[in-house]
Amino acid sequence: MAKIILAVDDSTSIRQMVAFTLKSAGYTVIEAVDGQDGLDKIKGQATVDLVLTDQNMPRMDGLTLIKTLRGQPQFSATPILMLTTESSDEMKTQGRAAGATGWIVKPFDPHKLLEVIKKVIG
Amino acid sequence: MSIDMSQFYQVFFEETAEHLASMESLLLALNLDAPEADQLDAIFRAAHSIKGGSGTFGFTDITDVTHELESLLDRLRKREFAITVEMVDAFLQAGDVLRNLLAGHQNGRTIDIKASIEVCAKLEKLAEENSLQNHVALTALGLTGQAGNHSPYGERRSEARGQGTSSTPAEPLPASVQRICQIQFPNTADDFPSEVHLNNMLEELSNIGKIENKEIANQSVTLSLSTYASEAEVRDVFSFFFKPEQLKITVAEVAAKETSEQGYGFFVEPEAVKSGNDGAQGYGFFTDPDAIKSGVEDAQGYGFFTDPDAIKSGVEDAQGYGFFTDPDKIKSGVEDAQGYGFFEEVGNHAQPEVSKTGLRKEDSPGRRATDERATTAGDTSIRVSVVKVDQLVNLVGELVITQAMLAEAVGNLDPVLYDRLVIGLTQLERNTRNLQDSVMSVRMMPINLVFSRFQRVVRDGAIKLGKKVQLVVVGEGTELDKGLIETISDPLNHLVRNSLDHGLEVPEVRIANGKDPQGTITLRAAHQGGNIVIEVSDDGAGLNRERILAKARENGLLVNDSMSDTEVWQLVFAPGFSTAAVITDVSGRGVGMDVVKKNIESIGGRVEITSKHGQGSSIIIRLPLTLAILDGLSVAVGNQIYIVPLGFISESLQPKEEDIKVISGQGQVVHVRGEYLPMIALHRLFNIPTKIISPAEGILVLLEAEGKKVAMLVDELVGQHQVVIKSLETNYRKVTGMSGATIMGDGRVAMIIDVGGLVKMGTQ
């Protein structure tokens, strides 16, 4: 059974690229355009195997999404990776505080993305 | 597996164009004294998205410019300093440069490198100026950062631009050094009871680095390991299996990699930051030192919530993190654990066996279906190619023609006898009309697509001319056919520039005349009947009647002082006409207004000017709502039917013999209310045999186009129809005198007269 990944990014081109990359590696992908959309999309799901989220998005940003997910029992242990364009301490502190599992710096090579995800959920 | 990124380029181009457009309108709408947080955020996000996308798809020139832009915008939205007009100008300029670069990638257009470098320099200068200010201020307050370092508000641009800004902390992070270790260890049955055990160990080793040149011999194994881990850490991996003396390791250091290669990281323990895994790597882990030593994350650049003891013993560590698998499984080499992330457990209860299968839910097939959706998440619209829409319009056009033919065929039947047929066809006509309206509306777009760019035009033009101007837009949601939008853009541009340049006065003059120093240009659009009416008006000085008359005389035009104002204003549409005292690059060259009129008339529209001296001017453009359907008058000449577009017809009349005169060298003219109009007999023009030769026996249709009038002689008027225009060019070839063709209800083909061409012919 394929693993399910929720990919959240307001940039269509990045989202499509990520989804394509993940799908070609055999994952099932749920796409969302912002945090709120992400929550709506997985409402019906009991859980997902991994969440990949961008940080800067309209309506609901990445950190808020992570915090919200962590507040829900079925997602409290789900691996969540932040896609970020910077690796500042501030970002790290905030991400960690929100409950993220880790981060990937943008722009990233699709292979690297797969490598990291594989490490996390196989 | 290699992934072809170019399939995503088109989406990126469109997406970036939208971001650039929204960035510009937001910048123009900003109130510089009290900018709204939402707007600043949105502007930042637009730049941020462009940077992210361009970096991902390798358009580094775009990334470079956007990088500067984004960091300034980020600091602005964090209110580190106030926004100035100078900054907005630089941002707008950056937007222009980005558009240019984008066009370069998308269409292969030449890029203006100079502008690109210029704008980057400008942005950098702004960044420096503002960080310097803060630094100075902070020094004064004694609040600067650690000695020798930049102010905490400054940002150090990392070399690896593509990776994004790294606002580094005060203490420099230890550079990560890559090492190559040559390792040799025994391979006896005592050490590794089975191959599985050896593989387990090798897998654990591969978590901290890349194994190469592996040689497995009977008694020993040699391999080289490229890793960022230290020798101690490498040894740690083996510590479970061997005593230190059994292990042979030689280490060679490779130059430190500057750029953040790994680009990811995990949050584990704060101690991990100090252990120095992140920074240069581009990833970081809040992993606790033990975990690091176990060599799980580090080099690879991922961090996990785990401490090695916990991994090995499978017990929930004090931090409350759990594992996917229990340690027995880890040791026995069951997949997961090695190098996979471990996540925090809820409730801190010991649950060593949180297997991945447990977390995963049934794969619902329904999900796959939604993944394949063409629409983007949350959208209620879809992108459709214009070609498909045009095809649809064409097919509906055919349907209308067929329906008209049926209606005609049935028209002669007894409606009582064939009542079901007649009723059915009436219904068909209604349905077809609705379908046609619906399909036409698909091509309709709000005129705001054209109006929106004028905010920038007015802003820049006003600044350049030293005038204060505001642009008011009314009815920007009014829709018109996509084809019309493209055609109307240039004429509107010319009209707006005219108002800016010649209509509106400089603030001093306005004040002297008791006006508000700020002038207003109004763009208004509305539907009126089957037309769309667009108005460009200003509250400037208005047209100067005397100057126009004088200029007209200069150009040799026939004028007299008793001409009405409306007639005088029409003179500005004459070719080469301009009363501008000074020709600027904004306008004044006198090639504008006549081109404007011609362009508008070419799409079946009309232009009118009204003006009041000292108060302002208004130009009104009337356009048909669509280019595919025409309201026309069908006329008969011999056994042919021609369609005359209603928009050009002023009236039809049957002339009296005495009103027809012949002027030598000019042919026949007809006297109508004091005017002598050239007469064009269609039967003579198109060589059609007909019984009606004398104008007094036929009908004269008075046409007006491009300011000229002619009288067209036809046999008789047939009726008024709405016809579907079929292109002659695509189906046959361009025919002089005809602007298209259509199929009548009886199946006959009727040509649509090119009135503009006809009038030109007649008035030469």
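Modeller: Happy to! Let's start in S4(A), where Met82(A) is the bridge partner of Thr53(A). Strands and helices here are DSSP runs numbered from the N terminus, with at least two residues (E) for a strand and at least four (H or I) for a helix. Keep in mind that this is a predicted model: local features need pLDDT of at least 70, side-chain atom pairs count only at pLDDT 80 or more, and totals for chains, interfaces and linings use all residues. Residues are numbered from 1 along each chain as its sequence is written, while chains are lettered from A and ligands numbered from 1 in the order in which they are written.

Colleague: How many bridges join S3(A) to S4(A), and do they run parallel or antiparallel?

Modeller: There are 4 bridges joining S3(A) to S4(A), and the two strands run parallel. For strands to count as paired, DSSP has to find at least two bridges between them.

Colleague: Is S4(A) mostly covered or uncovered?

Modeller: Mostly covered: 5 of the 5 residues in S4(A), residues 80-84 of chain A, are buried. Buried means that 20 or more other C-beta atoms lie within 10 Å of the residue's own; 12 or fewer makes it exposed, anything in between is partly exposed, and the C-beta atoms are placed from the backbone. Ile80(A), Met82(A) and Thr84(A) point one way from S4(A), Leu81(A) and Leu83(A) point the other way, and all are buried.

Colleague: Nice. What order do the elements of chain A run in?

Modeller: From the N terminus on, they go β-α-β-α-β-α-β-α-β-α. That gives chain A 5 helices and 5 strands. Buried residues make up 63% of its 122 residues. Of the chain A contacts with a separation of 6 or more, 60% are between residues 24 or more positions apart; a contact means C-beta atoms, placed from the backbone, within 7 Å.

Colleague: Which residues touch the most other members of the largest nonpolar core?

Modeller: In that core of 67 residues, they are Ile5(A), Leu6(A), Leu50(A), Leu52(A) and Ala94(B). Helix H4 of chain B (residues 85-107) gives the most to this core, with 8 residues. A nonpolar core is a set of buried Ala, Val, Leu, Ile, Met, Phe, Trp, Tyr and Cys residues joined through C-beta atoms within 7 Å. Apart from it lies another core, of 38 residues, including Ala636(B) and Met679(B).

Colleague: And what is Leu6(A) in contact with?

Modeller: Beyond its neighbours within four places in sequence, the contacts of Leu6(A) include Ile30(A), Ala32(A), Val48(A) and Leu52(A).

Colleague: Switching to chain B: where does H3(B) bend?

Modeller: H3(B) bends by about 25° at Thr66(B). The bend is the angle between axes fitted to the seven residues ending there and the seven starting there. H3(B) covers residues 60-77, 18 residues in total, and reaches 25 Å from first C-alpha to last, close to the expected 26 Å. That expectation is 1.5 Å times one less than the number of residues.

Colleague: Is Leu73(B) buried or exposed?

Modeller: Leu73(B), which sits in helix H3 of chain B, is buried because 26 other C-beta atoms lie within 10 Å. Phe44(B) is 29 residues away in sequence, yet 5.3 Å away in space, C-alpha to C-alpha.

Colleague: What about phi: which way does it go at Arg59(A)?

Modeller: Arg59(A) has a positive phi of about 65°, although it is not a glycine. Most residues other than glycine have a negative phi. Arg59(A) lies in the loop between strand S3 (50-54) and helix H3 (62-71) of chain A, and counts as partly exposed because it has 14 C-beta neighbours inside 10 Å.

Colleague: Last one: what pLDDT does chain B average?

Modeller: Chain B averages 74, and 74% of the residues score at least 70; pLDDT is the predictor's confidence in each residue, from 0 to 100. Over residues 137-176 of chain B the pLDDT is below 50, and likewise over residues 268-378 of chain B. Where pLDDT is low, the predicted coordinates should not be read in detail. The model scores ipTM 0.83 and pTM 0.53.

How values were computed. Two residues are in contact if their C-beta atoms, placed from the backbone, lie within 7 Å.
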